[in-house]
Protein chains: 2
Amino acid sequence: MSSEPSRKLTIYDLAKLAKSSPSTVSAVLNGTWQRRRISRKLARRILDLAEREGYSTNMQARALRRDRSGILGMILPLYDNRYFSSIAQIFEAEARRRGIFTIVSCTNRDPDQEREAARMMLAYRVEHLICTGATNPDAIAEMCSAAGIASLNLDLPGTAAPSVISANREGARRLTDALLDRLEARKIDAARVLFIGGRAEDHNTRERIEGFRQARERRDLATKPTDIVPCDYAAEKAQAALEAYVGREGRLPAAMFVNSTISLEGIVRWLRLGGHDMNDIIMGCFDWDPLAAAFHPRLIMMRQDVSTMIARLFDWIDTPPEDPTMRLEVMPEIIGNSAAAPGRG
Amino acid sequence: MSSEPSRKLTIYDLAKLAKSSPSTVSAVLNGTWQRRRISRKLARRILDLAEREGYSTNMQARALRRDRSGILGMILPLYDNRYFSSIAQIFEAEARRRGIFTIVSCTNRDPDQEREAARMMLAYRVEHLICTGATNPDAIAEMCSAAGIASLNLDLPGTAAPSVISANREGARRLTDALLDRLEARKIDAARVLFIGGRAEDHNTRERIEGFRQARERRDLATKPTDIVPCDYAAEKAQAALEAYVGREGRLPAAMFVNSTISLEGIVRWLRLGGHDMNDIIMGCFDWDPLAAAFHPRLIMMRQDVSTMIARLFDWIDTPPEDPTMRLEVMPEIIGNSAAAPGRG
DNA sequence: TATGAATGCGCAATCGGTTGTGCAACTATT
DNA sequence: AATAGTTGCACAACCGATTGCGCATTCATA
C-alpha cells in the first residue's frame, strides 16, 4: 500500500509514473489493450502499477465519455416484505454476477415519489429502468421512452413497456381451490369464504379476484359482492375490514383468501385480539413469508417465483422483446398444501 | 411535450435555442444564477425552455466537473428482515428529503462481497459510505480512508470509523429481565433459560450475551456455557441447535432469548414440528417483526430504534465527529411486555 | 536494398457540465 | 464630461476517461 494520495489517482498520474500515455493506460485498464496493440509487457507493468497505487476508475468520467452509465435502475414500493425484498436481493445478485451496478429506490406506492425517483434515475442515465409494482407504470414508461431509455415492468403490468408478472389469476384459482378442498374435507359450508386485502384498482388484485370467482364458479358456488373486500394492503385496513365483515355477518368467515402478508398481519392481529383460534378458520395468503409459515403451518401460501421472474427480466434486458406490450406470466408455487393438511401434523 | 429528441438535450442545445451561452444556461439550471448576476428575465426564459424541452441534467458530467457525485452509499447484509429493510427505507427517505441520491447494495454477510461493493461505490465516488452490519467494518473503513472518503458504521461498530449502534448490552439486560420476571410470575425455576442465535465473533452478539449474563448475575443466577448457543443467524442453524440442546437436557428450556427474527423462524418451526405449545415456553427476541408479534402476542421483542439511529447518522454526515472512533448507542424499545402479560390477554 | 505490412504507442478531440475571469453597457457620482 | 461602480453575460479552461487517427519502428518479402 503506497502512502495516502492527497488527490485521487487518474490515468494521467499513472501515465507519468509508467512513462507512458493516458490513452495507453486507459486501454490497458479497460481491457481494450489487445485491440489497440499494446504489448503484453507494457500492459502488465501498467496493471501492476495501478494495483500497487490503488487506482480506481472514475465511473463518472467513463460514463460521460461512453455515454453509458453501466447502471441498472429499479423502483420498488417497499422493502419490508419477503416478496419485494427478495426481488431487490435477487435483482442485485444477478446484476452483480454480470458486473452491472444497480440502483434501487423505494417509492412507497406513491405516484409522485415514483416519478421523482424515475427522474433521478434518468438523470443518472441508467441503462434500463425496472419498474416494480408501480401505481402507474405507464407514466414511468413514457418518461423513459421520452428520455430514450428502455423500461420494463415487474409485478404489476403496464401497456407501454414489456411486463413480467405472476400468473395471478391462475394462482388465485389454485389457492382458492386449496381452500375449498379443505372446507370440503372438513365438511364445512363453503358459502362464507372471504377475499380480503389489496386494491381494487390494481391489476393483480383484480386478477386474483377473478381467479377466486372462477374457482368458486366451477364448483357452482355463488360469490356475493360482500365476500370480496379489496380494502387496500395496510394491516390496519384489513383489520378494520374483517371487523366490519364479522359485524355484518354475525360470525367469522369459514375461510379467507388474504391478498398479501401485510394484510395477513392485520387479520392475524384481529383474530388474536378477539381470542379466536387460528385453526378454526382456513386461511390462504397470496404471498409467502417463512416466519408466518413457521408460526402457522396450516396456512396455505402462494410463493411468487421471484428467481424466474428476474431471470426473464434479464433475458429482456439482454435482448429487448420486439413487442413493447409483451406480457409474461410466471406461475407462483403453492406452499403448505400437503396432503396431510386436513389432519393435525 | 416536444417531439422525441434523437439525442439527449444538453445545455449547449438549450443555449442555442435560448440564444444564450452554455455557462449562463448552466448557472440558471443549477440555481447559481443570482450569484452570477443573470437577469431574472433571462433565467425565467431558460427555465421555461428547459421545462418545455424536457431537459435533464447529466449527473455524470456534473459529478465529474464538481468532483462530487451527490450520492450516498450504503452496504447492507440483507433486505429480508424488518430491521434491515427499515434501515434501507428510512435511510432512503431521509436522503430523499435532503435531495441526496442513495445507492444501497446488499452483500449477504460475505466479506468478499462487502469489499467488492465498497470498491464499486468508491469508483462511483459516493460522498459517504455507510457500512451496515458488516462482517469486517474496519476493512471497508480503510478502503474508504485510502480513497479519501468518509465512512460510517451502522449496527455493527468498527474502530476505524464512527459507529451508530443499538445499546445491545443494556437492551439484552432488559429483555432478559423481562423473561426472568415472567418466570418468577409463573413460579418457574429460572435455571433453564437458553440464549440462542447470532455469531460469537460479532460485537452485537457478544454484547447481548454479556447483558444476558449480567441480568442473571444480578439475580444470583448462574449461567452455564451450554445455556449460550451463538449458532449463527440462519434458521436451520437455530433449529439444529435447539434440537441438540433439548437432546442434551432432556426437555425444553423454560425460556429463550432468541437473538434475531431469522433464528426465531427456526425455533418456531422446530417447536411446531415437535408439536409443542408455544405458550409453554417464554420467549424473547432481540429484534422486531410485526407479523411475529401478531402471531405470538406473548413474545417479547426488542425493537431497535432505526429512526433515531438514522437521524444520528445524518447528524454525522452533516458534521463529521472529530473523533473517528466515536461510538453512539441508541436504546431499543421493548415490545409486548405489558403488565397484563403473565395472564391470558 | 527497397517495399509493404504489421506492431506499438501517443496525440488530441470529445463527452456535458462548472466556474474563474473579463469585457461591454449602463448607472451613479463628482 | 470624466470616472467609478454596477449589472449582465460570454469565453475558455477544466474534470477524467475514451477513441479515431497517425506516426515511428520492426519485420517479412521480393
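Chain A and chain B share 22 residue pairs in polar contact, with both residues at pLDDT 80 or more. A polar contact is a pair of N or O atoms within 3.5 Å; within protein, one must be able to donate a hydrogen and the other to accept it, and residues adjacent in sequence count only if both atoms are side-chain atoms. This is a predicted model, where local features need pLDDT of at least 70, side-chain atom pairs count only at pLDDT 80 or more, and totals for chains, interfaces and linings use all residues. Residues are numbered from 1 along each chain as its sequence is written, chains are lettered from A and ligands numbered from 1 in the order in which they are written, and side-chain values use heavy atoms, without hydrogens and water.

Several elements of chain A build the side that touches chain B. Helix 4 (59–66), helix 5 (82–97), strand 2 (101–106), helix 6 (111–123), helix 7 (137–147), helix 11 (261–273) and helix 12 (290–295) each supply at least two residues. Helices (H or I, at least four residues) and strands (E, at least two) are DSSP runs, numbered from the N terminus. By class, this side of chain A has 31 nonpolar, 16 polar and 13 charged residues. Here Ala, Val, Leu, Ile, Met, Phe, Trp, Tyr, Cys and Pro count as nonpolar, Asp, Glu, Lys and Arg as charged, and the others, Gly among them, as polar.

The interface also holds two salt bridges. One joins the side chains of Arg82(A) and Asp80(B) (3.7 Å, N to O). The term means a side-chain nitrogen of Lys or Arg within 4 Å of a carboxyl oxygen of Asp or Glu.

About 5,700 Å² is buried between the two chains, and carbon and sulfur atoms give 57% of it. Buried area is the accessible area (1.4 Å probe) that two parts lose on being put together, summed over both. Gln60(A), Tyr124(A) and Phe295(A) supply 15% of what chain A buries against chain B, more than any other three residues.

Now turn to DNA strand D. Ser39(B) has a polar backbone atom 2.4 Å from a phosphate oxygen.
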